Amino acid sequence: MTDETTKPQDDTSPSTDVAGTAAQASDAQDTSSVADEAVARKRGIKSYVIRGGRMTQAQTRGLDEIFPRLGLRHEQGELDLEALFGRRGPLVIEVGFGMGKSLCEQAQANPQTDFIGIEVHAPGVGKLLDEADKLGLTNLRVYRHDALEVLADCVPAGSADTFQLFFPDPWPKKKHHKRRIVQPAFVELVRRVLKPSGHFHMATDWANYAEAMAEEMAEAPGFANTAPAESAPYVPRPDFRPLTKFEQRGERLGHGVWDLIFVKQD
Ligand SMILES: C[S@@+](CC[C@H](N)C(=O)[O-])C[C@H]1O[C@@H](n2cnc3c(N)ncnc32)[C@H](O)[C@@H]1O
């Protein structure tokens, strides 16, 4: 089982208070985040908490200077992907990229693939945009908005080849399990945006959440587990998934890691 008594101390990164009050550092004055939270409540899954936090110069630069070019807004409505990227390549969507380390690495390593990241944590969005600009990435766009809203209203149905959810907030206390993002309403939105045969890839370092993900997906219509019999319901850690910040932290704490990959059936 995973450690339920420690929490990350880096206040520039999204933090998960494993005592149960998950919180993502953000700009306390940010009214759009407050609006996002209201929206999330309306949608029925309130999977994050915004709380105040400092922004570094690079993060502020990312939000102020790069967001206008590489950022996407929920108000823009449904995306025209070909116009957005100037081509129609394979599309990867990642929800909850945190500080964006692994998403940035993937976008850099796969220039033929287009990536859309969705995150509510302002410092993380700023950091990823600052990095993406410094690396000259053209195949990455980012929302700073609640993922359920973006998936329902902005991502065209049947458009994504891969959907990634790496180390979502575990909400370990039973009374907070309703805040976990992997629930039927979310899974249905993932299915909506995936192409037929598209992959839904989840990873977590919380054994109890891994079990819940496997159970939820076994019940979800239109998905089949890709796990081989030897390791089912989990897949061996794929080489193509870069180490994320939360995974690194989990490794330090001696956590296990569970990967689950489901394929969308027609
Ligand atoms: C525990 S962190 C993991 C970050 C990163 N994937 C990693 O492994 O380092 C989970 C992230 O999901 C984000 N998040 C949670 N619910 C969200 C939602 N509904 N929409 C967008 N982001 C969300 C949080 O802000 C947080 O940054």
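Me: Does S197 count as buried or exposed?
Reply: This is a predicted model, where local features need pLDDT of at least 70, side-chain atom pairs count only at pLDDT 80 or more, and totals for chains, interfaces and linings use all residues. Residues are numbered from 1 along each chain as its sequence is written. A residue is buried if 20 or more other C-beta atoms (placed from the backbone) lie within 10 Å of its own, exposed if 12 or fewer, and partly exposed in between. S197 has 10 C-beta neighbours inside 10 Å, so S197 counts as exposed.

Me: And where is S197 found?
Reply: Helices (H or I, at least four residues) and strands (E, at least two) are DSSP runs, numbered from the N terminus. S197 has a positive phi near 70° although it is not a glycine. Its place, within residues 194-204, is strand β8.

Me: What is the phi of W171?
Reply: W171 lies in the loop between β7 and α7. W171 is buried because 23 other C-beta atoms are within 10 Å. Most residues other than glycine have a negative phi. W171 is not a glycine, yet its phi is positive, at about 40°.

Me: What is the largest C-alpha distance among the "binding site" residues?
Reply: UniProt, in an unreviewed entry, places this feature at E94, E119, D146 and D169. They are spread over 76 residues of sequence but cluster in space, with a largest C-alpha distance of 14.2 Å. UniProt positions use the numbering here, feature names are shortened, and annotations may be inferred rather than shown by experiment.

Me: How are α4 and α5 placed, roughly parallel or antiparallel?
Reply: Axes are lines fitted to C-alpha atoms, for helices over the stretch in contact, and angles run from 0 to 180 degrees between N-to-C directions. Helix α4 (residues 101-109) and helix α5 (residues 122-135) pack at about 25°, their axes 10 Å apart. Angles under 35 degrees count as roughly parallel, over 145 as roughly antiparallel, 65 to 115 as roughly perpendicular and the rest as oblique. The two helices, α4 and α5, are therefore roughly parallel.
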